[in-house]
Amino acid sequence: MTVVTTELLRRFDVPGPRYTSYPTADRFVEAFGEREYILALQQRRVGSVAKAMPLSLYVHIPFCESLCYYCACNKIITRHPERAEVYLRYLSREIDLHTAHCGVGQHVSQLHFGGGTPTFLTDDGLRELMGMLRRSFVLVPGGEYSIEVDPRTVDEARLGLLAELGFNRLSFGVQDFDPEVQKAVHRIQPAEKVFALVDAARKLGFESVNVDLIYGLPRQTPESFDRTLEQVAELRPDRIALYAYAHLPERFKSQRRIITAELPMASAKVSMLARSLDVFQEAGYVYVGMDHFALPDDALAVAKRQGRLHRNFQGYSTQPDCDLIGLGVSAIGRVGATYSQNVKTLDEYYDCINQGHLPVVRGLALTKDDLVRRAVIMALMCQGELLFEPLEQSWLIDFRSYFDAELQQLQEMAAQGLVKISDEGVEVTPMGWYFVRGVAMVFDKYLQADRNRARFSRII
């Protein structure tokens with residue numbers, strides 16, 4: 001069992017990206033717009049390699065019935081379900097705009113509904129949305145089809161509908177089971193309801209059930225979080241995502257409702273993380289990396305063991321590295337060597353589509369250096385191993401000279417036991433997996449040149 005000391009946690013508790021992409025989304029520029037995005041879609045359509053690769057789809061549903069104070073997502077608080085009916089009509093038109101350029105019938109091996117609250121949609125709305133997608137794309141057998149679920153918005157019958165529609169993975173937003181913490185963040189959901197839903201999901205045959213937790217929330221203490229950890233260990237979901245709360249009220253208006261004096265001290269947060277690592281290891285979970293844990297027989301843990309782990313804007317995935325089309329307000333996509341993001345407000349979104357335009361507002365065309373560094377960072381984040389020779393052959397570089405400064409920086413991490421550096425490459429140690437964001441940051445050219453990192457959440 002790997003023992004992570006609180007001293008190491010404190011030492012590497014610095015702001016940094018989560019690397020669901022490289023370069024990260026804060027590097028996108030408005031000079032990249034609809035024209036550049038359409039060109040990328042058209043190139044995919046005519047490229048033989050791209051056509052053979054299945055797509056990933058992300059659909060953003062921005063609506064929520066109530067406000068969770070910690071939330072940093074792009075969301076719209078409303079109790080009017082008819083607003084979602086209008087939104088679905090525009091999503092249908094956005095899908096048509098995409099297929100006009102990339103063609104109908106593209107194969108999809110990964111689909112994710114995020115939000116907001118995707119289960120804000122009514123049963124008919126969910127059926128309508130899945131019908132749209134199936135008319136335009138082919139969802140292949142054996143793919144990953146997942147949806148984020150607010151436990152307050154579903155019952156066993158609704159979970160049955162999700163299974164019927166083809167979803168095979170669920171992610172429940174739990175955050176904390178403690179009633180006082182739930183009150184402080186304006187999200188009341190009894191533990192009994194979550195236990196009942198997870199049990200129902202198992203009976204319905206969902207392949208994987210994930211639970212999201214957050215540490216560092218108001219009124220949390222190491223002792224209160226211990227009780228939540230015990231309940232989660234008893235619940236035994238297939239996957240656990242454990243996130244550190246990033247309090248950035250200057251950026252996220254909803255967080256201004258949190259009483260700063262009720263937030264735990266940094267030392268308490270470190271203690272919560274250390275205890276979480278101990279509890280989950282003792283319960284038999286594999287640390288996949290970047291806040292994620294999975295049971296040994298879960299597909300994510302198996303993919304990590306077999307070196308087949310990948311990472312995209314949805315996080316870790318077992319699906320091969322592939323293009324991603326983002327649908328809906330603020331959705332991010334990746335097609336070829338480009339990234340793109342849609343407009344962030346409903347008014348802008350509707351206006352673009354009414355004018356017959358794809359709602360892309362910014363993005364990035366990657367340079368060769370971006371692509372090389374992305375390959376390096378993803379190798380570290382997913383395989384925990386960076387082999388020099390394959391990268392040199394793929395990108396026609398001499399690794400040691402190209403990354404001389406970065407290898408010098410890694411020496412300190414090697415001295416801390418986080419990485420091993422050899423003539424063949426760099427290996428992340430079992431201890432280093434808990435700090436893999438910090439290892440990846442060494443190879444981030446933009447971050448190294450920009451010391452103003454306050455916009456990122458802290459690694460711990």
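Modeller: Start with disulfides: a search of the whole structure finds zero. A disulfide is a pair of cysteine sulfur atoms within 2.5 Å. One caution: this is a predicted model, where local features need pLDDT of at least 70, side-chain atom pairs count only at pLDDT 80 or more, and totals for chains, interfaces and linings use all residues. Residues are numbered from 1 along each chain as its sequence is written, and side-chain values use heavy atoms, with hydrogens and water left out.

Biologist: What makes C64 buried?

Modeller: Its relative accessible area is 10%. Buried means under 20%, exposed means over 50%, and partly exposed is in between (1.4 Å probe, protein chains only). C71 is buried too, at 14%.

Biologist: Which residues does UniProt list for "binding site"?

Modeller: The unreviewed entry lists Y58, G115, E148 and I332. UniProt positions are given in the numbering used here, feature names are shortened, and annotations may be inferred rather than shown by experiment.

Biologist: How do you know whether Y58 counts as buried or exposed?

Modeller: Y58 has 13% relative accessibility, so it counts as buried. Y58 is found in strand β1, residues 55-61. Helices (H or I, at least four residues) and strands (E, at least two) are DSSP runs, numbered from the N terminus.

Biologist: What is Y58 in contact with, leaving aside neighbours within four places in sequence?

Modeller: Its contacts include H112, G114, G115, Q314 and L324. Contact means heavy atoms within 4.5 Å.

Biologist: And is G115 buried or exposed?

Modeller: At 8% relative accessibility, G115 counts as buried. G115 sits in strand β4, residues 106-115. Beyond four places in sequence, it is in contact with Y58, H60, I61, C73, N74 and E148. Y58 and E148 are also on the UniProt list.

Biologist: What makes S146 buried?

Modeller: Its relative accessibility is 15%, so S146 counts as buried. S146 lies in strand β5, residues 137-149. Not counting residues up to four places away in sequence, S146 touches L111, H112, F113, F167 and R169.

Biologist: Why is V46 called exposed?

Modeller: V46 has 66% relative accessibility, so the label is exposed. V46 lies in helix α2.

Biologist: What makes E348 partly exposed?

Modeller: Its relative accessibility is 39%, so E348 counts as partly exposed. E348 belongs to helix α12, residues 346-354.

Biologist: Why are α2 and α4 called oblique to each other?

Modeller: Helix α2 (residues 34-46) and helix α4 (residues 82-102) pack at about 55°, with axes 7 Å apart. Axes are lines fitted to C-alpha atoms, for helices over the stretch in contact, and angles run from 0 to 180 degrees between N-to-C directions. Angles under 35 degrees count as roughly parallel, over 145 as roughly antiparallel, 65 to 115 as roughly perpendicular and the rest as oblique. Therefore α2 and α4 are oblique.

Biologist: Which residues make the contact?

Modeller: Y37, I38, L41, Q42 and R45 of α2 meet H98, T99, A100, H101 and C102 of α4.
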